[in-house]
Amino acid sequence: MDWLGAALAIVKATRKDKLHVDPKYIVIKPRVLSDQNILRGSAALRAVLAFIPPAAVAAPVLGLGEVGFNLWKRIALSKEFDHLKYPPITPNVLRLSIDIDPELKKHYGQLTLGHNWNEEAISELEKVYNDLSYLTDFELLKAKYSNLDVGYLEGRANKNRQILQTNVKTLEQELEKVALVPEVDQNIREALEFVKNIFPAMNDWAMFNSEAFDEFVELIDTIV
Amino acid sequence: MRKIFSLFLLVVGLVSACASPKLPTPFAMPNLVKANEEALLAWNACAMGPNYWPGKAGCDVELLKQKNEKAQAAAYEFIRGDPAQPQGFDIYLEQVLISFRIKHEHLTGNDFIEKERIAEQFFETQQATSGRSLINASYLFTLIAAEGASYQFYNDRSALTIERRATLLKAINAGAGAFNLVTPERNRRLRDALQVLEFIVQYINSTL
């Protein structure tokens, strides 16, 4: 290990003139960034980590138990461990879900019968079921699945929207715990209102997969 | 400056103290992270939104299976090494969900039981300690139990006994506790799993 290099890096990282923060971030993360000591500490930690082999860092960090494990994942992966945005559907749950839904069984029940149950049937049903599970736009569902009952499709679209809205509500409650400054509170509320408004237009995967959506979720994750 | 140097010495001390051969698991961590990353890359190459798409350009199904198995094996070493710690459980169980989708034709009843046992262990450990991964553990336990129970519903109904009902009720309670606390995409899966589990519990009740 380059001790001199590490020591110099720490000194450099913790110099006060290196702690300038863009005001726009202060609005977003007031509690973290208003605390100069935390900034200085994290800068020092980053400098130390740069000079120590990853395997050596892993031992003490993981020694902290679960908190350490999550910290390590952040260090190792540079982001929260949540790569699987859409969990894969599990085939037997898919099959039974179709069978216990009268409308879907009426139209797709043939595919879940024992002699028809194969990869081809799963692939076909997976697309239908995922559309009905995630799309929030009734018109799009109606256009794609004209064979299904209109009232049923409306119900699915509403349910999908409700699930998204409930999650936003939960986020909102979490944010209320940290948004102590009125100005920040107002910014957060406006952002959440914006997200609520785009739900009806969230009619394909592009919105979920867009960089803007990722950034927004990441931002909320950082705050809470 | 003196404080910073003390902090630095403390970090170095911790590194030296903890980097002893008595703790072999942490040193395997980079391998596990790498195996997991490779498996997820292979999965993403074969996924289109929420759909598995083996025909997608760039998708190599055999590679995906290999990487998935490798990541599961690496995570299992962590679980075996120290079952009291959550290290490895989440990676293992996330990879298990992928394996359910890509290897469903080759899975047997015993495979489901084994995976469910590990998911239940993760949930119980987290519940007992009020661990920070409790929501994730609840979510994974419910999904994996639902898949195993659905498999039994179609292939081995004699396994759906009153004892089995107790485990399924535990999975339902776990899932209900995590509902609305996971991402919207996961919430949908959780909802489906809960619905299926409730149906199977009703089925067991009707056979009593």
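**Note on a predicted two-chain model**

1. Of the 208 residues of chain B, 41% count as buried, where buried means 20 or more other C-beta atoms within 10 Å of the residue's own, exposed means 12 or fewer, partly exposed lies in between, and C-beta atoms are placed from the backbone. For chain A, the buried share is 21% of 224 residues.

2. This is a predicted model, in which local features need pLDDT of at least 70 and side-chain atom pairs count only at pLDDT 80 or more, while totals for chains, interfaces and linings use all residues. Residues are numbered from 1 along each chain as its sequence is written, and chains are lettered from A and ligands numbered from 1 in the order in which they are written.

3. Confidence in chain A needs attention. The average pLDDT of chain A is 65, and 37% of its residues score at least 70; pLDDT is the predictor's confidence in each residue, from 0 to 100. Residues 77–83 of chain A stay under 50, and the model gives them six contacts beyond four places in sequence. A contact here means two residues whose C-beta atoms, placed from the backbone, lie within 7 Å. The stretch 198–213 of chain A is also below 50 in pLDDT, with 16 contacts in the model beyond near neighbours in sequence.

4. Chain A has 14 helices and zero strands. Chain B has eight helices and two strands, and its order from the N terminus is α-α-β-β-α-α-α-α-α-α.

5. On contact range, consider pairs at least 6 apart in sequence. In chain A, 57% of such contacts join residues at least 24 apart. In chain B, the corresponding share is 66%.

6. The largest nonpolar core has 59 residues, and those with the most contacts inside it are B:Leu93, B:Ala119, B:Phe122, B:Leu140, B:Phe141, B:Ala145 and B:Leu197. Such a core is a set of buried Ala, Val, Leu, Ile, Met, Phe, Trp, Tyr and Cys residues joined through C-beta atoms within 7 Å. H6(B) supplies the largest share of this core, eleven residues. A second, separate core has five residues, including A:Leu135, A:Leu141, A:Leu153 and A:Ala157. As background, nonpolar side chains tend to be buried together in soluble globular proteins.

7. B:Phe141 can be followed through its contacts. Leaving out residues up to four places away in sequence, B:Phe141 touches B:Ala119, B:Glu120, B:Phe122, B:Phe123, B:Ala171 and B:Ala174.

8. Helix H4 (residues 89–102) of chain B and H5(B) have axes that come within 11 Å and cross at roughly 145°. The axes are lines fitted to C-alpha atoms, for helices over the stretch in contact, with angles running from 0 to 180 degrees between N-to-C directions. The crossing is left-handed, meaning that the near helix is turned anticlockwise from the far one by less than a right angle, clockwise being right-handed.

9. Which residues of H4(B) and H5(B) meet? From H4(B) they are B:Phe89, B:Tyr92, B:Leu93 and B:Val96, and from H5(B) B:Lys115, B:Ile118, B:Ala119 and B:Phe122. By class, this contact has seven nonpolar, no polar and one charged residues. Ala, Val, Leu, Ile, Met, Phe, Trp, Tyr, Cys and Pro count as nonpolar, Asp, Glu, Lys and Arg as charged, and the others, Gly among them, as polar.

10. Two backbone angles in chain B deserve a check. Most residues other than glycine have a negative phi. B:Ser130 has a positive phi near 50° and is found in the loop between helix H5 (109–129) and helix H6 (134–155) of chain B. B:Ser130 counts as exposed because it has 7 C-beta neighbours inside 10 Å. B:Asn180, not a glycine either, has a positive phi of about 70°. B:Asn180 is in the loop between helix H7 (162–178) and helix H8 (184–207) of chain B, and is partly exposed, with 14 other C-beta atoms within 10 Å.

11. B:Phe179 lies in the loop between H7 and H8 of chain B. With 17 other C-beta atoms within 10 Å, B:Phe179 is partly exposed. Not counting residues up to four places away in sequence, B:Phe179 touches B:Asn187 and B:Leu190.

12. In chain A, A:Gly155 lies in helix H11 (residues 150–178). A:Gly155 counts as partly exposed, with 14 C-beta neighbours inside 10 Å.

Methods
Helix = DSSP H or I, 4+ residues; strand = E, 2+ residues; numbered from the N terminus.
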